[in-house]
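Please open the structure in your viewer and keep the selection tool at hand.

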Amino acid sequence: VKAAAFDYARAETLEQAAGLLQQDGARIMAGCQSLGPMLNMRLAQPALLVDVNHCKGGRRAEVEGEVVVLGACVTHAMIEDGRVPEVGDRALARVAAGIAYRAIRTRGTIGGSLAHADPAGDWPTALAALGAEVEVVAAGGGRRRIAVADLVEGAFETLLRRDEVIETVRVPRLSPEGRFGYHKLSSRVGELSEGLCAVLRDPGRDVCRIVVGATDGKPYVVEDATTIVDDPGGIPELVKAAGLGHDPVHARLHAAAIRRALAELDRP
Amino acid sequence: MAVPAAETHQGVGARVRRKEDERFLRGRGRYVGDIRFAGQLEVAFVRSPLAHGRIRRIHVPDAHAGMVFHAGHLEGVGGIRAVSGLPGFKVSEQPVLAQGKVRFAGEPIAMCVAATRAEAEDIAEQVVAEIDELPANVDMLRAVEPGAALVHEEWGDNLFLETLVDGDLDAVRSRAAVEVKRTFRTARQCMLPLEGKGAVVHYDRNVQQIVLYTSTQMPHIVRTGLAGCLGMDERRIRVVGPDVGGGFGWKGLLQPEEVCLAWLTLHLDRPVRWQEDRREHLVAAANCREHHYEITAWADPDGRLLGLDALAHVDAGAYSVYPFSACLEAAQVGSILPGPYDFEAYRCRTRSVCTNKPPIVPYRGVARTGVCFAMELIIDAIAREVGREPHEVRAINLVPASAMPFRNITGKDFDGGDYPASLAKAVDAIDVAAVRRRQRAGEPDGRRIGVGFATYTEQGAHGTSVYHGWGIPMVPGHEQAGARLTPDGTLELRVGNHSHGQSMETTLAQVANEILGIDPAKVDLVHGDTALTPYSTGTWGSRSAVMAGGAVATACEQLGERIKGIGAHLLQAPVDRVRIEGGRVVAGSASVDFKEVAATWYLKPQHLPAEVDQGGLEVVAGYRPKVDTGTFSYATHAALVAVDTETGGIELLDYVIVEDGGRLINPMVVDGQILGGAAQGIGTALYEEMPYDAGGQPLASTLADYLIPGAAEMPEVRILHMETPSPNTRFGQKGLGEGGAIAPPAAITNAVNDALRDLGIEMTESPLTPRRLLAALIEAEERTS
C-alpha cells in the first residue's frame with residue numbers, strides 16, 4: 001500500500017492554507033494519523049495536500065477569561081502531558097490520554113480529529129459535552145465560530161466549507177464543582193470505540209449534558225440530562241433515542257459506556 | 001602453556017545472551033527490504049477482487065504493455081503441485097498467476113513492474129480483470145453439501161481428503177455412565193509476522209544462476225520446488241534467506257510470488273523485488289487455524305475418559321501448498337486429538353474441505369491449537385457432568401509418569417516426562433483453592449472470575465517414520481551440518497535450516513562450545529543459503545534444536561578428532577593422551593590453542609607428519625535421533641480471568657505455564673519462545689479472526705479490523721520449567737518452539753466458562769470476542785427470563 005501521487009504545499013498561515021483549499025482535490029494535512037493510512041490504502045487520493053503543521057499559532061494554548069483556547073495543531077500528547085491549560089477536573093488530559101497509542105498522540109492533533117469527524121473518535125464527543133466551539137478561518141480571512149456539537153454533521157462529515165480551516169478550539173472552563181465523566185469501550189487498548197459517552201455536570205454553570213458517541217453519524221447530545229444523571233434507569237431509553245438500540249449486543253455496549261461515564265462523576 | 005581457568009559455562013544449558021541481538025537491537029538486521037541491486041524494479045501484484053469466478057479477460061492499458069504480466073505470459077512455468085500420497089487425496093494445481101478461474105479473493109492475477117512500488121501500484125490500479133462471478137464456498141460445512149459450487153470442477157466435490165482413524169466404540173458406549181457431546185469451532189486467522197513475506201531476485205551470469213533472496217524458513221525446499229516449476233536444474237538456482245522477521249509457517253512454503261519473480265528476472269534481465277504489505281497479507285494470507293469439531297466422549301462416574309468419537313472438518317482453502325499439502329492439518333487432527341490422555345477407544349473422521357479462501361498453511365502449533373481447544377474443553381465438559389474440579393478429572397486421565405515411555409492410542413511414542421506433575425504444579429501456582437474462595441466472596445467491581453487449564457503434548461522434530469506415511473513432497477531424513485576451523489582458530493558452522501527468530505546463531509554456538517569448549521563469540525553460523533550449506537528441509541515443526549543441534553554436535557565431535565590429531569603432534573603426545581578443553585588441545589600440563597592448530601594445518605603444513613588426517617579442519621556430518629518419531633515436550637497452561645458481563649471484556653489476571661522441553665540448550669531463549677507463542681495463543685483465544693461475507697470477501701483487511709494482542713493485552717506470564725531429558729536426542733533436548741501458541745485458547749476459554757458457569761454459559765468457539773460473549777450472555781438472560 002503506497003499512496004497515489006499528490007502535490008504538497010506547506011502553508012505558512014491558515015489564511016494561505018484556506019486559499020489553497022480552493023484548488024480542486026486539495027485536502028488539509030495536520031498530524032496525518034488518520035489521513036496517512038487512508039492515503040496509503042488509496043482510500044483518499046487528493047491532488048494536493050496542504051500541510052498546516054507549520055502555520056503560526058497552530059500550537060498556541062492560552063486562557064481567555066472563562067475559555068481555554070487551543071490552536072488546532074495542539075497534539076493529544078501535549079494535552080495528555082499538561083503542557084496546555086486544563087479546563088478543570090483534568091477533563092482534557094483524561095480524554096487525550098486514552099486516544100489510540102502514544103506514538104499516535106505525539107502527532108495527532110485536536111483540530112485534525114474534529115475535522116476528520118470519525119463517529120468513534122474521542123474529541124467530537126468529549127468536546128461537544130464540554131460545550132466547546134471551534135473558530136474557523138476562511139480564504140479571505142473571515143472567521144466564524146461553530147459549536148462542536150453542530151460541527152459534526154455525520155460520519156466523516158462536517159459543516160466546514162471547502163475553504164475553511166479550524167484555527168482554534170475554545171473550551172469553556174468548569175466551575176470548581178464541575179465534574180466530567182468519560183468512558184469508552186473498545187475491544188483492545190488503542191482501538192476505536194464501540195461504546196463512547198461523555199457527561200458534564202457543572203451546577204456552578206447550570207450545565208448537565210450527556211453526549212453519546214460511536215454512533216452511526218453525529219454524536220447524540222442530551223442538553224438537559226439531569227433526569228438520567230440522577231437515575232441511570234433511563235439509560236436503555238437513551239440508547240434507543242440515540243438510534244443505537246437495534247442490535248442488542250451493540251446496545252448493551254453503549255449502555256455500559258454511558259453507565260460508566262456517569263459513574264465517573266462520583267469518583268473520589 | 002597452562003590451561004586457563006574454566007570460564008563461566010557457555011555450553012548446553014547456559015543462559016547465553018543472544019549473539020544476533022547486536023544487530024537486531026540496533027536496527028541493523030538485513031532483510032529482503034534492505035537489499036537493493038543496481039537497476040532493480042519493484043513488483044505489485046494485481047489480486048483477485050472476487051472469491052470465485054471465471055476470468056473472461058484481463059485488460060492491460062496500452063501505455064503499460066510490457067510492464068504487466070499475467071498467466072498468458074508465463075509460458076513454460078508449471079503450477080504448484082503438492083500431492084499427498086494418502087489414499088483418496090485429490091490433486092489441485094495452483095497456477096502461479098490465476099488461469100481460467102480465480103479461487104479466492106487475493107489470488108494473484110497479474111504482476112506489474114515499475115521503478116518504485118508506488119508506480120507499480122499505479123499500474124496495478126489500471127489493470128482490469130473481467131471476471132464472471134461464481135458462488136463462493138465460505139463455510140466449510142456447506143461446501144461439502146450437495147449442490148455447492150465446485151472449486152475444482154474436475155473433482156466432483158469439494159473434498160481434498162477424508163481420513164478415518166477407526167476404532168470400536170460399542171463397548172465403552174454401553175458401559176459409560178456419562179456421555180457428553182459438543183461442537184467446537186475455531187476461526188480463520190493470519191500469521192502476521194512482523195516482516196511480511198518478500199523476495200528479491202536477480203540473475204548471476206558468472207555462475208548462470210537465478211539468485212533468489214527470500215524471506216523463508218526453508219531455502220533448500222524452496223529451491224527444489226522452484227526448480228520444478230521452472231523446469232530448471234537445481235544447480236541453476238540459488239536461494240538465500242537473509243534475516244527473517246518471523247515466519248510461523250507462512251514462510252515455510254514455496255509461494256506463487258517467488259516463482260513469478262524468478263520468471264520475471266529472466267524475462268526482463270533485471271533484478272526485481274516484491275514485498276508483501278500488511279493489507280496483502282491480511283487479504284491473501286488468511287490461511288490458518290479454521291477447524292470444526294463434533295465430539296462425543298464417554299466417561300465413568302469419576303470422569304475417567306473411556307472413549308472418544310470425533311468428526312473434524314478443516315477449512316483447507318483453495319489449493320494444496322508446497323510442500324506440506326492441504327491434508328497435513330486434518331491428518332494431524334486424526335492422529336493427535338487424544339492429546340496427553342490415556343483412554344481405550346477412539347474413532348476420528350476428518351475432512352479437508354476445499355473452499356474459496358487462501359490455501360491452509362501450518363501455523364505455529366499446526367493442528368495442535370485447534371485439537372487442544374477441542375480436547376481440553378471436552379475434559380472440562382466431562383468434569384462439569386460428573387461434578388468434579390476440571391483439574392482433578394485431567395489428573396486421572398493424563399498418561400502417568402510410571403507408564404513412560406508410552407505408546408498412545410494412535411501410536412504416538414511419548415518419550416518421557418511427568419504430565420500429571422506439570423498439572424499439579426500449575427494448580428498450585430495459580431492457587432485453585434484461593435480462586436474458589438475468591439469466587440465465593442465475589443469481586444468488588446462485579447466482574448466474574450474463573451480459572452482454566454489446558455495440558456498438551458507437542459511433537460517436535462518429526463522424522464522419516466512420521467512423514468513418509470503422509471506421502472507429501474518433503475520427508476525429513478538425516479540432518480547435516482558443516483564445521484570448519486578457520487586459519488585463525490575461529491569456527492564456522494553451516495546448517496541448511498534457517499532462523500526466523502529462533503536464536504540459532506547463539507544456541508548452535510553453545511552446542512559447539514559444549515563439544516569443543518570454544519568461546520561462542522568465536523563461532524559463526526552460516527545458514528539460509530543453498531550455496532553454502534548442506535541440504536535441509538528447513539526450520540519447521542520445532543526441529544532445529546534437535547536436528548541441527550544434533551548435527552552440529554556430531555560435526556564438532558568429528559572436527560575435534562582432527563584438531564586433536566594435529567594438536568597431539570604439536571604437543572608431541574600420543575593422540576589418545578590428549579583431550580579438548582576450553583578451545584585448546586591439552587596433554588597433561590601442556591596445551592596448544594585452536595589458533596595454533598589451525599595455523600599449522602593451513603599455513604605451516606611443513607610441521608605436520610605425512611600420516612596426518614588429510615581431511616583437514618573441515619567436516620560435514622549427519623545426524624538422526626535414535627528414535628525418529630519425534631520428541632514430545634509438554635506443558636500445562638493455567639489462566640485466571642475476570643469477565644465483565646456488561647461489556648464482554650476479558651482480563652487475564654494471571655497466567656502460568658509449566659513446561660517440560662527436555663534439556664534446554666538456552667533457557668532464556670526458551671522463555672522467549674514460550675512468551676512469543678503465548679502471545680499468539682492469546683491472539684487466537686481472544687482477538688484474531690478473519691471473517692468473510694457471503695461472497696467470500698475478507699472483512700478484516702486492516703489492523704484496525706484484524707486485532708492482535710499488544711503489550712497492554714499481555715499478562716505477566718509466569719513460566720515454570722521441568723526438565724525431563726529425551727532419551728532419544730543428543731543432549732536430551734526436545735522441540736518446543738510452537739508450544740506457547742497451543743494451549744492459551746483452551747486454558748482461557750475453560751477459565752471463562754468457569755467464570756460464567758452459574759449463568760449456564762459454555763463458550764465453544766474462538767476467539768472469545770466481546771461480541772461473541774455478549775451474544776451468549778444475552779441469549780442466556782432471555783432463556784432464563
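The stops that follow go from strands to cavities and end at a helix.

This is a predicted model, in which local features need pLDDT of at least 70 and side-chain atom pairs count only at pLDDT 80 or more, while totals for chains, interfaces and linings use all residues. Residues are numbered from 1 along each chain as its sequence is written, chains are lettered from A and ligands numbered from 1 in the order in which they are written, and side-chain values use heavy atoms, with hydrogens and water left out.

**Strands of chain A**

Select residues 26-29 and 48-51 of chain A, which are strands β2 and β3, running parallel and joined by 4 bridges; strands (E, at least two residues) and helices (H or I, at least four) are DSSP runs numbered from the N terminus. Within this pair, A:Arg27 stands opposite A:Leu49.

Next, look for the open sheet of 5 strands in chain A, which has the order β4-β5-β10-β6-β7 with antiparallel pairing, where two strands pair if DSSP finds at least two bridges between them. Its edge strands, each pairing on one side only, are β4 (61-64) and β7 (143-147) of chain A. Select β6 (residues 133-137) of chain A beside β7(A) to see an antiparallel pairing over 5 bridges, in which A:Val134 has A:Ile146 as its bridge partner.

**Cavities**

A search of the whole structure finds 3 cavities of 30 Å³ or more, a cavity being a set of points on a 1 Å grid over the protein atoms alone where a 1.4 Å probe fits but cannot get out, with lining residues having an atom within 4 Å of a point. The largest cavity holds about 210 Å³ of space, and B:Gln94, B:Trp250, B:Pro256, B:Ala284 and B:Pro359 lie nearest its centre among the 23 residues that line the cavity. Helices α6 (256-268) and α7 (278-284) of chain B each supply at least two residues of this lining.

The second largest cavity has a volume of about 150 Å³; select B:Ile336, B:Gly339, B:Arg368, B:Val371 and B:Thr457, which of its 20 lining residues lie nearest the centre.

**A helix of chain B**

Finally, select residues 544-571 of chain B, helix α15, which is largely enclosed by the rest of the structure because 20 of its 28 residues are buried (under 20% relative accessible area, with a 1.4 Å probe and protein chains only). Just after α15(B), B:Gln572 takes a positive phi of about 55°.

Conventions. Buried means under 20% relative accessible area, exposed over 50%, partly exposed in between (1.4 Å probe, protein chains only). On a 1 Å grid over the protein atoms alone, a cavity is a set of points where a 1.4 Å probe fits but cannot get out, and a pocket is an open set with protein on both sides within 12 Å along at least five of seven lines; lining residues have an atom within 4 Å of a point. Grid points are joined across faces, edges and corners, and a volume is the space filled by probe spheres set on the points.
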